[in-house]
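Student: I have a model open and some questions about it. Can we go through it piece by piece?

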Amino acid sequence: MFANEVATVQPGEVAARLAEGWMLLDVRTDDEWAGGRIAGSVHIPMDQLMQRMDEVDDRVVCVCAVGARSARVAQFLNAQGREAVNLDGGIYAWANSGLPIDR
């Protein structure tokens, strides 16, 4: 039943992925993005993803607020042949881990 679950990474693992050339993709809304973001992330709201697929790299760490939307995006990207993982707990987990938020 849950065969399509995607791999997750913890906030502390993201820097290593980025150092390996992974893209950090933030799929939150414009308003959420304006309230704060992870430095270096690329903002493509979930509802614009289909039209902007050419902006998405082959290896992606997906981010949203708490992880549900980004998990769906990661699942979609994996189905499209990309390697995508979900940031477990989203930007809230990032902030709760003491990692910086750009405003």
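Student: What lies over the face of tryptophan 22?
Tutor: Arginine 17 does, at 4.5 Å from the ring centre. A charge counts as over a ring if NZ of Lys or CZ of Arg is within 6 Å of the ring centre and within 35 degrees of the ring normal. This is a predicted model: local features need pLDDT of at least 70, side-chain atom pairs count only at pLDDT 80 or more, and totals for chains, interfaces and linings use all residues. Residues are numbered from 1 along each chain as its sequence is written, and side-chain values use heavy atoms, with hydrogens and water left out.

Student: And which charged end sits over the ring of tryptophan 33?
Tutor: That of arginine 37, 4.7 Å from the ring's centre.

Student: How many aromatic pairs are there?
Tutor: The structure holds 0. Rings of Phe, Tyr and Trp (its six-membered ring) pair if their centres lie within 6.5 Å; planes under 30 degrees apart count as stacked, over 60 as edge-to-face and the rest as tilted.

Student: On to helices. How many residues has α3?
Tutor: Helix α3 has 12, residues 68-79. Its first and last C-alpha are 17 Å apart, close to the 16 Å expected at 1.5 Å a residue. The expected span is 1.5 Å times one less than the number of residues. Helices (H or I, at least four residues) and strands (E, at least two) are DSSP runs, numbered from the N terminus.

Student: Which residues of α3 are buried?
Tutor: Ser70, Val73, Ala74 and Leu77. Buried means under 20% relative accessible area, exposed over 50%, partly exposed in between (1.4 Å probe, protein chains only).

Student: What do the buried ones pack against?
Tutor: Strands β2 (23-26), β4 (59-63) and β5 (83-87). Contact means heavy atoms within 4.5 Å.

Student: What follows α3?
Tutor: Glycine 81, with a positive phi near 95°.

Student: What is valine 73 in contact with?
Tutor: Leu25, Val27, Met46, Leu49 and Cys62, leaving aside neighbours within four places in sequence.

Student: Different spot. Where is aspartate 58?
Tutor: In the loop between β3 and β4. Aspartate 58 is exposed, at 58% relative accessible area. Leaving aside neighbours within four places in sequence, its contacts are Arg82 and Glu83.

Student: Last one. Where does glycine 35 lie?
Tutor: In the loop between α2 (30-34) and β3. Glycine 35 is partly exposed, at 42% relative accessible area. Glycine 35 and aspartate 102 are 67 residues apart in sequence but 8.7 Å apart in space, C-alpha to C-alpha.
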